[in-house]
Structure formats: structure tokens, C-alpha cells
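Hello,

Here is the structure I promised to hand over. My notes on it follow below.

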Amino acid sequence: MSHFDCKNKFIDWQYFKLKASFENEEIAKNHVLDLMTWKQLINNALKRTYGIFGEGIEYFFLNQDDKIAYLRTSHLDRDVFSSAITTYISGDSLVGVPMAITILQEESSLEKLQITDDDKLWFNKAVEEIKEDLECI
């Protein structure tokens with residue numbers, strides 16, 4: 001990869017730790033969320049709030065485990081992404097009951113995200129990828 005190609009690969013990211021929630025805890029216990037459900041929930045939020053523009057917002061899952069997800073999006077799209085997901089409440093069609101997303105944490109640096117011991121493997125890999133991208137510049 002040439003230096004030019006490498007430099008164009010670099011993007012400033014915004015990192016999010018999200019939690020999906022239901023109207024009550026008893027309902028939440030009966031629903032395990034998979035990656036596809038998360039993607040549909042976020043896509044619906046972006047589309048409903050910002051239409052075609054919202055559908056064009058790129059985001060990437062770093063990790064997802066049931067009701068907690070770690071994502072990144074371009075730093076330039078952070079406000080659009082944040083407002084879309086925090087103002088959206090899904091209908092019953094996705095999992096049978098309404099759902100909402102809460103931002104537990106938002107950071108401009110991956111290293112500042114609060115993780116559990118179970119998250120160290122994917123987290124360390126993501127940090128390493130960022131370091132490689134920065135060396136590339």
C-alpha cells in the first residue's frame with residue numbers, strides 16, 4: 001500500500017457504548033438481541049429520523065453482546081447518529097415489543113470506553129488496528 005493510499009484510509013472516529021432497553025425488565029429477560037436485530041434497530045432509527053440521508057450514515061460494530069453494543073462512526077456523523085438513535089422508539093414489529101437505545105458512553109478515543117473483562121479480546125484487537133492506521137499516516 002502506498003503512503004497515499006494509507007493516508008486516505010484514516011478517519012477520525014467517534015465511539016459509542018449503547019444499551020437496548022425495553023419498557024420493563026421482565027420483558028428484557030425474555031429477549032436476547034442478536035447482531036441483525038441491532039442493525040435493524042439502528043437502521044430504522046437513522047431512516048426514520050433523517051430519511052435517505054440517515055440511511056447513508058456509516059457505522060461499524062466493534063462488538064455486540066445481547067443488549068450492549070460498541071460501535072464507531074465517523075466523527076463528522078456523530079451528532080446525526082446520536083440524535084437518531086436516542087430519539088427513536090421502535091414499534092412492536094422488530095421483537096414484539098417497543099425498544100429504545102440509550103447511549104451509555106460516547107468517546108472520541110477508543111481507549112476511554114469502559115469495558116468489562118469479557119470485552120478485552122475484541123477491544124485489544126480494535127486498539128491495535130487503530131495504532132496500525134495511525135502508523136500509516
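Glu128, Glu129, Glu132 and Glu135 form a negative surface patch. Patch members have over 30% relative accessible area and no salt bridge, and like charges are joined within 9 Å (for nonpolar side chains, Val, Leu, Ile, Met, Phe, Trp and Tyr, the limit is 5 Å). A salt bridge needs a side-chain nitrogen of Lys or Arg within 4 Å of a carboxyl oxygen of Asp or Glu. Asp and Glu count as negative, Lys and Arg as positive; His and the chain ends are not counted. Each charge is placed at NZ of Lys, CZ of Arg, CG of Asp or CD of Glu. Areas are Shrake-Rupley values with a 1.4 Å probe, and for residues only the protein chains shown count as cover.

Before you go further: this is a predicted model, where local features need pLDDT of at least 70 and side-chain atom pairs pLDDT 80 or more, while totals for chains, interfaces and linings use all residues. Residues are numbered from 1 along each chain as its sequence is written, and side-chain values use heavy atoms, without hydrogens and water.

Glu132 sits in helix H5, residues 120-136. Its relative accessible area is 46%, so Glu132 is partly exposed (buried is under 20%, exposed over 50%, partly exposed in between).

The chain has 5 helices and 4 strands (DSSP runs numbered from the N terminus: H or I of at least four residues, E of at least two). Their order from the N terminus is α-β-α-α-β-β-α-β-α. The chain has 137 residues, and 38% of them count as buried. Its C-alpha atoms fill a box of roughly 50 × 40 × 20 Å along the principal axes.

Now the rings. The whole structure holds 7 aromatic pairs (Phe, Tyr or six-membered Trp ring centres within 6.5 Å; planes under 30 degrees apart are stacked, over 60 edge-to-face, the rest tilted). In one of them, Tyr70 and Trp122 have ring centres 4.7 Å apart and planes at 45°, so the pair is tilted. Tyr70 is in strand E3 and Trp122 in helix H5, so this pair ties together parts 52 residues apart in sequence. Both Tyr70 and Trp122 are buried. Trp122 also pairs with Phe123: centres 5.9 Å apart, planes at 80°, so edge-to-face. Phe123 is buried, at 9% relative accessible area. Elsewhere, Phe16, Tyr59, Phe61 and Phe81 form one aromatic cluster.

One backbone item. Asp66 has a positive phi, near 55°. Asp66 lies in the loop between strands E2 (59-65) and E3 (68-74).

Best wishes

Terms used:
Buried < 20%, exposed > 50% of the residue type's maximum accessible area, 1.4 Å probe, protein only.
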